[in-house]
Amino acid sequence: MTPMMEQLKKIGIIPVVVLDDAKDAEPLGKALVEGGLPCAEVTFRTAAAEETIRIMAEKFPDMLVGAGTVLTTEQVDRAVKAGAKFIVSPGLNPKVVSYCLEKNIPVCPGIQTPSEIEQALELGLTEVKFFPAEPAGGLKMIKAIAAPYVNVNFMPTGGISASNVREYLAYDRIIACGGSWMVKKDLITAGKFDEVKAMVREAADIVKEIRG
């Protein structure tokens, strides 16, 4: 496992962050760090993504800030320039993956099938995102496709919540789980960062409960 993935595995749950306004980046980053999940996958779904990454990376230098929903090499450049330490994409785009590997940028593309796993292996990856996890068959599907590929580990995202994350974390081929239930948009918009921090703490406690 790569050093970046080892770090993500120690954290266990990766908050998937979608911010409409970068002013929320610092208080959210503070809630994540103090809550016990010093990590964020900031998705490139909004115009505020780049600035959000920049603020979190500057204000919390020990935090693992990555970029999610990265679809182009141009977005890779913008994300890394802003301070992103890893790249995540919903699917496997060989051009984006190769670009990241050439520049020694940790990248975790999304897969669903054995064919996509083999494509990732051909590119030199043994760590992949499984997305969307629950709609695509959940842990049962991951275990089924993991069996022939003994060196591949997974980062499931999509439909994972406090009610089902334990079973994922208990499987030794899971690096970490991506989830957004602890960074709910309505709480962030309302400025209820104490409530966000409490939910982050609950998520961090689940990781400790399962992984020690």
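Is lysine 23 buried or exposed? I get 56% relative accessibility for lysine 23, so it counts as exposed. My cut-offs: buried is under 20% relative accessible area, exposed is over 50%, and partly exposed is in between (1.4 Å probe, protein chains only).

Ground rules before I go on. This is a predicted model, where local features need pLDDT of at least 70 and side-chain atom pairs count only at pLDDT 80 or more, while totals for chains, interfaces and linings use all residues. Residues are numbered from 1 along each chain as its sequence is written, and side-chain values use heavy atoms, with hydrogens and water left out.

**Salt bridges**

I count a salt bridge when a side-chain nitrogen of Lys or Arg is within 4 Å of a carboxyl oxygen of Asp or Glu. The structure has 10 of them. Lysine 23 pairs with aspartate 24, with the closest N and O atoms 3.1 Å apart. Aspartate 24 has 8% relative accessibility, so I log it as buried.

Next I looked at arginine 54, which meets glutamate 51 in a salt bridge at 2.8 Å, N to O. Both sit in helix H3 (residues 49-59), three residues apart, about one turn of the helix. For naming, helices (H or I, at least four residues) and strands (E, at least two) are DSSP runs, numbered from the N terminus. Arginine 54 is partly exposed at 25% relative accessibility, and glutamate 51 is partly exposed at 34%.

Arginine 78 and glutamate 74 form another salt bridge, at 3.5 Å, N to O. They are four residues apart in helix H4 (residues 73-82), which means about one helical turn between them. Arginine 78 is partly exposed with 29% relative accessible area, and glutamate 74 is partly exposed with 44%. Shared partners join Glu50, Glu51, Arg54, Glu74 and Arg78 into one salt-bridge network.

**Core**

A nonpolar core here is a set of buried Ala, Val, Leu, Ile, Met, Phe, Trp, Tyr and Cys residues joined through side-chain atoms within 4.5 Å. The largest one has 81 residues, and those with the most contacts inside it are Leu8, Ile13, Leu28, Ile53, Ile87 and Phe154. Helix H10 (residues 193-211) gives the most to this core, with seven residues.

Leaving aside neighbours within four places in sequence, its contacts include Ile111, Val128, Phe130, Ile145 and Arg173.

Threonine 157 lies in the loop between strand E8 (153-156) and helix H8 (165-169). With 8% relative accessibility, threonine 157 counts as buried. Not counting residues up to four places away in sequence, it touches Val16, Lys129, Phe130, Phe131, Pro132, Ala133 and Gly178.

Lysine 140 is in helix H7 (residues 138-146). It is exposed, with a relative accessible area of 73%. I also checked lysine 140 against isoleucine 206: they are 66 residues apart along the chain, and their C-alpha atoms are separated by 21 Å.

**Cysteines**

How many disulfides are there? Taking a disulfide as a pair of cysteine sulfur atoms within 2.5 Å, I get zero. Cysteine 39 is in none; the nearest cysteine sulfur, that of cysteine 108, is 12 Å away. Cysteine 39 is buried, at 0% relative accessibility. Cysteine 108 is in no disulfide either, with the nearest cysteine sulfur, that of cysteine 100, 11 Å away. Cysteine 108 also goes down as buried, at 1%.

Technical notes
Contact = heavy atoms within 4.5 Å.
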